[in-house]
Amino acid sequence: MVNVVNPPHPQHQSPPLPEGVRVRLARSAYGNPRATAEAAAALSDRQVSGLDPLPYEPADLAPALLLGHRRRIRRLPEDTRQLLLIAAADQYPVPTHAFLRAVAAAGLDTASADPAETAGIAHVSAAGVTFRDPWIRVAAYEAASAQDRREAHHLLARVLGGAGEAGLRSWHRGAAALGPSRRLTAELVAAAAEARRHRQPALARALTQRAAELCPDPAAVPRLFEQAAADAWQDGDSDRARDLVADVHNSPLRAVLALRCGTATDAFDDLLDAAAGLASSDPEHATELLARAVEAAIYTGDLRRCREAAVVAAHHGLVPPGTLGGLAAAADGRYTDARDALTAAARRHGPDDGPSHLTHSGIAALLLGDDTRAAFATARAVTAARARGDAVAVPQALEFRTYAEFWTGRPHAAEAAALDALRQAHETGQDNGACHLQAALAMFAAVTGDETACRARAEAARAYALPRGLGLAAALAVWALAFLDLSTGHPAEAAARLRALAGFGPGHGHRAIRHLATPHYVEAAVRTGDTRVARAALADYERWATAVRSPADLALAARSRALLAPGAEADEHYRTALDLHAAGTRDFERARTELLYGSALRRLRRRAEARDRLHSAHEAFVYFGAPHCAAQARAELRALGGSGESGAVPPTDVTARLTAQQLMIARMAADGATNREIAARLVLSHRTIDHHLRGVFNRLGIRSRIELVRILAP
């Protein structure tokens, strides 16, 4: 259905195609470099920018390549072409696995395929026909006349009578039809509904699209095309979905597609209008659209718009998602109400909940600082999406799972999840989600000290986000650059970047970004000596942390208070922060607190305490793979008069160097217990024991359990 009406893009390779466009073209072209290059050369400016869908039908993708293959097919004997046509119709565009039955029913001889094997076009075996290249398979179908194709489909429909083959039979009957048919349309619609029940979105799309093409009722056609587009979207075929729904007026699906690959600010208005329009006829769908509107508000960074969505929900008697009520209350400064709504949303997920509901539970948990619950909910969302065959929901869930993985002490798992999600977002045409993930990867690169990757990903995210109103991704990219500045000794630059992100007071800025930026802004502001705005930002942050009762947030608030407190007065705030960190999961932020506390203790000339804190921070940064932060800890240790590295420790100093828990674990290990055995005894995770033992080795300046046994020997 795609028609390239704009002139070809004059520089389709300079600058290079955006990653999402390149990935989707390559997938549609079956990975064929020549077909991909031909398709890329014909793209319009709007297609290159992602504003218009890409071509997806072979004849539109690479007509020159297809023409060459057709010529090769037409040079084969007629009976060979007939066998190849039946095989192609059996495999493309819907695989039905009926080739051998069709050949037997038609009384044909598979030996007729020998010329195709000789020409290197296809191979025939007991399993059927294997084409050398998908484009040859398409050419074998396209090279035949319309009448021959219809006869091939009729033949395949006749032999498809087994259990579970009704939908496939209907497909071939529809493909063989000459023109509109009310009866055949009804059959195709019923078969598509059955395919959906069996979670076969690709088959459901093909059946429904053919039903729309054969439907004699003009009033019903737009609804069928919209349903076919919804099936294509669930299957991850975003370009086909956008094309099928392009001429359907007032379509809620178009609003959803705008959210994932269009302008997010426009998507919010369209989603809200669609929810209001469906409130009386389909309240369940309307509520789902409200959830999408919340996502649009999150993506744009304008959470005040959640108030509008809450008003629409109340006016139409809809039960809004918990995240909607929570974010609307937060925008109004009603933090206790926000906590209650978000807590209910975070906890409200049952065994049969879908990926969207579970993702929203994860978002609510992240906003509350409950990273463990967020990790659980988003992991379940990914599993649910895969089980349902919902290709587009997987990267959506992974977007937020990455944060949960990172904050619960799994930075490498977070990066792996983000890279996996980025690939899937590109493949399914969710460029807005891909932009968000680019910003998240910039954050991880900032923490792990990869300056080149951080700047490249941050720039890519900002370049895409700003013209499309994606405030969340743009702000995350700025945070990444700011943290890089902070950890490499450029506090003034960091403060300048973070000042706008931190904001202060209800209705200002993105709640999640303020949440992320404020503690680091306070640190940067203290280093530059300009703390006036930082104090105001911290006051609001403390109000939120106190309301939601998150140990992680309260710990960061206490750390910020310590930074702003004079001299010895900071000590109590630091101790409070570390006590709160012990009840949370954010080990990286705990290490930042220990680094700052150790630095303060050094200035107060409390050298032994300072050394202990700085060693602990250094070990954590090494574990996290955060070299810039580790370098800061080493610099502080050198300022104490040491080398900045741990040295071997005499046995008499062991108890002074280790915490009580580290000493207990060290003694178990020295007695011969494995990490798993220690974890079972202490009811801790294997990962936690591994982390503690690594810390023991670093603090004692040793590299093996043999040395540990020697040091701890009586």
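Is Tyr 141 buried or exposed in this structure? Before I answer, please keep in mind that what we are looking at is a predicted model. Tyr 141 has a relative accessibility of 12%, and because buried means under 20%, Tyr 141 counts as buried.

Let me turn to the aromatic rings, where the count comes to 12 aromatic pairs. One of them joins Tyr 92 and Tyr 141, whose ring centres are 5.8 Å apart and whose planes stand at 75° to each other, an arrangement that is called edge-to-face. This pair links distant parts of the chain, since Tyr 92 sits in the loop between helix 6 (78-91) and helix 7 (99-105), while Tyr 141 belongs to helix 9 (residues 134-142), 49 residues apart. Tyr 92 is buried too, with a relative accessible area of 9%.

A second pair is made by Trp 479 and Phe 483, and here the ring centres are 5.3 Å apart with the planes at 15°, so this pair is stacked. Both residues lie in helix 28 (residues 471-487), where they are 4 residues apart, which is about one turn of the helix. Trp 479 is buried at a relative accessible area of 2%, and Phe 483 is likewise buried, at 3%.

These two residues also take part in a cluster linked by ring pairs, which joins Trp 479 and Phe 483 with Phe 406, Phe 444, Phe 588, Phe 621, Tyr 623 and Phe 624.

Finally, I would like to show you a ring with a charged residue beside it: Arg 468 lies over the face of Tyr 464, at 3.9 Å from the ring centre.

Methods:
Residues numbered from 1 in each chain as written. Predicted model: local features only at pLDDT ≥ 70, side-chain atom pairs only at ≥ 80, totals over all residues. Heavy atoms only, no water. Phe/Tyr/Trp six-rings, centres within 6.5 Å; stacked < 30°, edge-to-face > 60°. Helix = DSSP H or I, 4+ residues; strand = E, 2+ residues; numbered from the N terminus. Buried < 20%, exposed > 50% of the residue type's maximum accessible area, 1.4 Å probe, protein only. Lys NZ or Arg CZ within 6 Å of the ring centre and 35° of its normal.
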